Amino acid sequence: MSVIAPKFRLGYLIKGITDNIFWIIILVTLIAIPVVQIVLIYIDFPIIDGEIWNPFRVLDAMTHPERALPLVKSFMQTDLFKVVAFPGFGFAALIAAAVIFVERKMLAKLQLRVGPFYCGKVEGILQLMGDGLKLISKEIIIPAKADKPLFWAAPVLFAATAAAFVALIPVAPGWVVADIDLGLLAVFAVIGFFPIITIVSAWSANSKFPFIGGIRALFQMVSFEIPLILSLLGIVMLTGTLNLSEIVESQASFPWIIFMPIGAIVFFICILAELERIPFDLPEAETELTGGFHTEYSGMKFGVFQAAEFGAVLITSALISTLFLKGWEGPFLPSHVWFLLKLFFFAFIFIWIRATLPRLRIDQIMAYAWKFLLPLSLINIFVVAAEILLLGEQITDSSGVRMDLTAGDMWIMAGINVVVAIVAVIGLSKITGMDAKESTKVASATRIIEGT
Amino acid sequence: MSQKLPPGLQLEKVDDRIMTLNVGPQHPGSGHMRIILKVDGDYIVHCDPDPGYVHRGEEKMAEYRNYITNIPHLERPVIHDSCNILYPYCLGVEELLGLEVPERAKYIRVIAAELNRCVYTQYWLGIYGIFLGHSTMFMWPVGDRELLIDLLDKMTGARVTHAYFVPGGIRNDVPANFEDVCLRQVNYFEKRLKEYADVFYDNPILISRTKDTGILSREDAIKLGTTGSVLRASGVDFDIRKKEPYDVYEELDFQTHVLKEGDSYARSKIPWLDMLESCRIIRDALQKMPKSGSVRIKLKPNPKGGDTEVYRRVESGRGSLGMHIVSQNKPQPYRLKISVGSFRNLIAMPHLLTGEKLGNLPPVYWSLNYWPVEADR
Amino acid sequence: MYGLGILKGLTVTMKNFFRKPFTIQYPEERAAQHSRFRGEEFTWYEERCTGCASCAKYCPLGIIRIVTHPGGEHVSEGQEYAIDVFDIDIARCMFCGLCVEACPYDALFMGSGFEEGQYSRKDLVITKERLINADKKPSTWFRPQLENQQYDSQSGSSIDWENAGREPWPYHMPVRPQSTDESLEQGEETR
């Protein structure tokens, strides 16, 4: 079992090193230095804290690192840093990898086993790197009749959508990549892109099982988008803004989950369906459809799908915590730590649900969305609108006519909302025939044992 | 094109609405079998199971070995339920050779058979969970099954493929403190079974997925010749341990469970109820077992049966498992026919699946308690 | 009520979160086997084997190959055949233990390990030299004299042919008078 490798020769090693040095010198002198000179003709030296940063200062800062701090600080405020590193792509990719690892370990712990263990000295930390390397090294097989441009583009589009989503979430006060006033609307737009990507990736594979899986995924994602959007309108009505940072700041005293329980529950369930997690897992169910819409993707394409899916998990957890649980606010720890804690809390709830529930059938999923969640979210909107109208006072001031609610009104509203939530859930489930009266009949399972 | 096709082949008409799906052997949800489905939208129009991928010719191989050396071969169709598949064989050969099994051996055989039933049903339950997307329901039963397999390892020397029964008793007596360990493991196992009720059988999603799907009425169940848990889930109270008792089942105190609905939920619940009964049987048998005694009968080196045939059957984890042995004055059997519950229940599959939704294929298919390797022998 | 069934399931899963996992990390720990475990090895005492080839005759698969020649060199006391070849092919062996049952002189025992993987198929045929040189840790399968000595094949101690004892052969040939069952379990030392 020896590795097949050529024998080592010192002459080859030295030749390799000198070749590399030669090429580096050529590239630097012929290309890099002229480009830098040309760039410096057109770009001025940056002015930070009122001082001009010429190359002498940069070299000086390299030997006295404490003088480089202003440069670093101003670099952290640029858009490039925000997109690539901190609240943007680099951060999201790292946290997505952490979420995948946590999922495997937590799921294992709930199932009385140990997850990845060997890769990496401490409890399998490097497992994902091993998986990534494995997927890169596999052959990418393309079916003969597949639609090649779409087949190649689909995983990339998926990852791009998940990455675009990252740009909208506020991680800490002031740390958003795109602080736009229509933040929530942009979130809806990006979520609406996911079904298209799914059906494109399924259709381009030109095979039966992905076809069935893709159509089902399309149905499921589209039918859950409507309650998703409607359930958030209550928050928009109460805060009056679509900007995500302002929504977080408006929860300074109490999180929105207390005041809008129906909205939170409906939003949570719709997110589970959009991400295709169990129990709404049918389009990528292995045992029913051999993998659904990503059956024909092998190698790193599949890896990109998985990474993008977990990126989406992370982002939507962040979204839920932003909208309903105060985002990055918390008592003692810094904001980004609270953000991560809440994110992992929701990821854990996703994993917990995954460990407990089987899958629903596609017609049951869609009946659930259209007959149960949609009326529930509509009830939510109307109840909140009625409360604002009846409880609030109309104020006309410089910014126009608006309704104002005091703190006491808000608490009354919270109470009414909770009662409405319970009544609506029970009532709707009885009306639509989705109540589980069977489960009381079946609880006789445990009674049989006690009786013996 | 009117070609003359060989008999048995038909030319398929291409219909735009109907799609032919091959839920084939290379499918995570099909076992070692191929199911040819014709699907119209979401409804299954025609279903054609195609077993035979694991056929090894057990029955033919049995004609070349004598009655004792046949034992390790005949247990291979279901390796973890091996005691139950050797049971009718041993009973049949004992009848052929006119042997009288000692009492202690009978009790130990019953204990081993019930343990094997639990082991098999746990594995089946695990795969049922995975088919429905419930991976926890795979990990927990398979993990708890390890305890019982360890117990069987202590008793028989091997984890699966026990090769423990011989015509005339069992091959080896149980080790010294077996009764206490067995009792402890069985008590723990019963507690874990009750946890499965909370997470699986009372789970509203499972109920909505399996209730009222694949309903097999009582008349159809009898007419199609189904057996085992499929039959008992449709309201027919037929358990061979009660109706044609063998070994010491008459002296043990247990009951058989019958559910009337005949849908997939009932079929998935009866094996679990049977496992609870098995725990009771094991405890009862451990109490009533004679404390010492021989466990095996001396046989001549190459025992020959007379010029007769014998058919004995047994209730295994899948249903009635029968062996028909024809002997003609030779040490090898002339013909050995095994009739397994899995293959007989398979006939219900096209009957149940036609007209069902495609999403109901996994719950209905696996609830028929089908073990592909055994069905092909 | 709606949702309560799911909550009950969630609490059961959460209870299991705090239990110890039952995974055994294989190369560092091994699952404890029992002394009766019919492992993948064989323990053969050449001082006792007479070359009668009962094991080869009884094997359902016919994987034991024995070649002997009569008398002369390398024979132990009381025997008449010298064994040239004694091959067991564990690539096809079922580990059923019928060969162990067949041996009238208690020369062949099942082994106790299970890590017999090799890199080529030829190495899977255990030859006579390998059998002679292997550690003698016989499994107590079908050998009540070893069980009565409380010998545990998994504990790691070897046992040589004199201490392995010999059991009178009660199950196949009625060569001894019918005695009561208790005495058969004693394990008389007859050689």
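Predicted model: local features only at pLDDT ≥ 70, side-chain atom pairs only at ≥ 80, totals over all residues.
Tutor: Residues are numbered from 1 along each chain as its sequence is written, and chains are lettered from A and ligands numbered from 1 in the order in which they are written.

Student: Why is I24(C) called exposed?

Tutor: A residue is buried if 20 or more other C-beta atoms, placed from the backbone, lie within 10 Å of its own, exposed if 12 or fewer, and partly exposed in between. I24(C) has 12 other C-beta atoms within 10 Å, and therefore counts as exposed.

Student: Where does I24(C) lie, and what does I24(C) touch?

Tutor: I24(C) lies in the loop between α1 (4-17) and β1 (42-44) of chain C, where helices (H or I, at least four residues) and strands (E, at least two) are DSSP runs numbered from the N terminus. Leaving aside residues up to four places away in sequence, I24(C) touches E29(C) and A31(C), and touching requires C-beta atoms, placed from the backbone, within 7 Å.

Student: What makes a set of residues a nonpolar core?

Tutor: The members must be buried Ala, Val, Leu, Ile, Met, Phe, Trp, Tyr and Cys residues joined through C-beta atoms within 7 Å. The largest such core here has 233 residues, and L314(A) and C99(C) have the most contacts inside it. Helix α4 (residues 103-131) of chain B gives the most to this core, with 16 residues.

Student: Which residues does L314(A) touch, not counting residues up to four places away in sequence?

Tutor: With that exclusion, L314(A) touches A92(A), I95(A), A96(A), V99(A) and L343(A).

Key: Contact = placed C-beta atoms within 7 Å.
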